[in-house]
Amino acid sequence: MKTKVLYSAVMAFSIFFFLSCENENNIDESGNLVPKTVDEDPSLPSIFVNGTHLHSETFGNPNDPMLVFLHGGPGSDYRNGLNVQQLADKGFYVVFYDQRGSGLSKRHDKKSYSIQLVLDDLTEVIAYYRTSPTQKIFLFGHSWGAMLGAAYVNSYPDKIDGLILAEPGGLNKKLLDEYGEMSRKINIFSEVTSNLLYVDQFITGKENQHAILDYKYGISSSFSYAKGNTEGIPGPSPFWRIGTTVLESFIDISENDGFDFTTNLAQYQTKVLFLYGELNKSYGLSFAQKEAAYFPVSEIEEVKGTGHEMIYFKWENVEPLVLSYLNNLK
Amino acid sequence: MKAIVALITFLISLLMSSFLQAQTINWENLKSEEKHILNVNAGWDYSFAYGLSYGYHLKTKMPIILESSFSLASGEVIFDDFKTKIGGQINVFQIENFRFNAAIHGIYRRYENPIVTLQNFGADASTTIGYYKPKWFVAGEFGFDKAIVTHFKHSEIYKEVYPEVKNGWYEPSTGGNFNFGIQGGYSFNKSDLTLRAGKVMTQDFKSTPLIPFYLQIGYSYKLD
């Protein structure tokens, strides 16, 4: 019994000694595990619109036709879409912004988000950068960003001069669920599943503890490019910081209220370009056709040799398709 | 260096003392001469996990079991995700066949994925209140698991995402989860077949882990 008491004392002393001698970092402080957002780091390029503070930058001549890139997520950022800036050399004014609560943009409370709010943000971003009333406006959306682009055209069909949708995950709740079923099959015994779930006992984070929640979601991102993933993602693509609260908020909105971005798409008479990756087994031509059918005029193109993250991994195959489409509408 | 020495001391003490995990025990079937309790288990503990544990039954007036456990998360890489516990449980009081028990454990656990390796020191505390007969038992349980301090070491993948990321120890507590559920079992000869199941909630009671449930099936064998 004395031995047990001795060992317990050694253990308790060791832990105390160990904790008191190391320099500890604060997990809830931006800058330690995740980068600071624009409201915390004034050196980042940003704009103030619609009551929020967005991480944003532009490339090209401001008087050229404007191309607004809409990143995926919700909650991700435009870092893995930066190849699109090369279109600035081809006669387009390329605008990037991290959506509200996403990437390096300012965080907000979970209950503050709505679809209409992010549509209003896009209206304000366009107005902020637009240099003349006749300047043409094109949207280029990837994944969730493509859903957002469709939602915008659904609400404001006369405001957008061209729309490029790269694998929107579902233009309504039914299609989103269908895509989710195809792309997120899990094996409960696999390493990938353990990597995704086991961390829940190490890091939790309370609602609106953004640094913790964003970090936790970020380290789970390896799930998306795990070996054998059905979306054809070969490895990690860069991001700055994932907005977990806005993601969870939109998941709640989708589950509780549903959504349908197709109700008014018949009013949009401009040709829409759909892109899908050859290696994304969850999307494919048939799913693209289902989504494109909501538009009066559309063109569907397969991007060879890539999957869902086509803009980062195979920009050389994406660019000719996008450029050809845009030049016809310029 | 001091941290390494302290960690080694902790691990040695972990290995050398009498230790095992929170075993699911039929207190009514535990005889005073039965000293050693061996247990194997499997089930859902944040992810699918397999576990081994050992218990030492002290000769005390109030029944006490010192225990330790080791469990591994399922997956192709065997020893990257695991959890060890050391502690004990005590049958605090008994009214006929009703018993009130309490348990407390220190925890060391590890997690690794392509982006980060985490090492955590934590603790859990739990209570069970149940009805125990020599052949069977059923009880309700409530517990709290706190991740007290965690060490973060990031891979090159994350350093490309965020080059300024700070490796090292993080505080305050990096996490905490409550669990509540039921446990029960069937006892025969020197063996117990046991089942635990319940729900997990994070410490703010507003959110849950991605899979907010736990389930464990176990087999225990008692030796004199």
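Analyst: Start with helix 2 (residues 115-129) of chain A, which lies across strand 2, strand 3, strand 4 (66-70), strand 5 (93-97) and strand 6 (137-142) of chain A. Helix 2 of chain A runs at about 115° to strand 2 of chain A. Helix 10 (residues 315-329) of chain A also packs on the sheet, touching strand 6, strand 7, strand 8 and strand 9 of chain A. Its direction makes about 160° with that of strand 7 of chain A.

Quick housekeeping. This is a predicted model, with local features needing pLDDT of at least 70 and side-chain atom pairs counting only at pLDDT 80 or more, while totals for chains, interfaces and linings use all residues. Residues are numbered from 1 along each chain as its sequence is written, and chains are lettered from A and ligands numbered from 1 in the order in which they are written. Helices (H or I, at least four residues) and strands (E, at least two) are DSSP runs numbered from the N terminus. Touching, or contact, is C-beta atoms, placed from the backbone, within 7 Å. Angles run from 0 to 180 degrees between N-to-C directions, using lines fitted to C-alpha atoms, for helices over the stretch in contact.

Now the sheet itself. It's open, with eight strands of chain A in the order 2-3-5-4-6-7-8-9 and mixed pairing (two strands pair if DSSP finds at least two bridges between them). Strand 2 (46-49) and strand 9 of chain A are the edge strands, each pairing on one side only. On average, neighbouring strands in this sheet are turned by 25° against each other, direction ignored.

For instance, A:S46 has A:H55 in strand 3 of chain A as its bridge partner.

Over at the other end, strand 7 (residues 162-166) and strand 8 (residues 272-277) of chain A run parallel and are joined by four bridges, with A:L163 partnered by A:V272 in strand 8. Strand 8 of chain A is also parallel to strand 9 (residues 298-303) of chain A, this time with six bridges; here A:L273 has A:E299 as its bridge partner. To get from strand 8 to strand 9 of chain A, the chain goes through helix 8 (residues 284-292) of chain A, and this β-α-β crossover is right-handed. That label applies if the path from the first strand over the helix to the second runs clockwise, with the strands pointing away from the viewer.

Strand 8 of chain A is mostly covered, with six of its six residues buried. A residue is buried if 20 or more other C-beta atoms, placed from the backbone, lie within 10 Å of its own, exposed if 12 or fewer, and partly exposed in between. In a regular strand the side chains alternate between the two faces of the sheet.

Next, the cores. A nonpolar core is a set of buried Ala, Val, Leu, Ile, Met, Phe, Trp, Tyr and Cys residues joined through C-beta atoms within 7 Å. The largest one has 62 residues, and A:L67, A:F69 and A:V95 have the most contacts inside it. Helix 3 (residues 144-155) of chain A gives the most to this core, namely eight residues. Leaving out residues up to four places away in sequence, A:L67 touches A:L87, A:F92, A:Y93, A:V94, A:V95, A:F138 and A:F140. There's a second, separate core of 38 residues, including A:I27, A:V38, A:L196 and A:Y215.

A:Y215 is also one of the buried residues of helix 6 of chain A. Helix 6 (residues 210-219) of chain A is largely enclosed by the rest of the structure, because ten of its ten residues are buried. The buried set includes A:H210, A:D214 and A:K216. Part of the cover comes from helix 7 (244-257) of chain A together with strand 6 (116-132) of chain B.

Zooming out, chain A has ten helices and nine strands. Of its 330 residues, 50% count as buried. Its C-alpha trace spans about 85 × 45 × 40 Å along its principal axes.

Conventions
Two residues are in contact if their C-beta atoms, placed from the backbone, lie within 7 Å.
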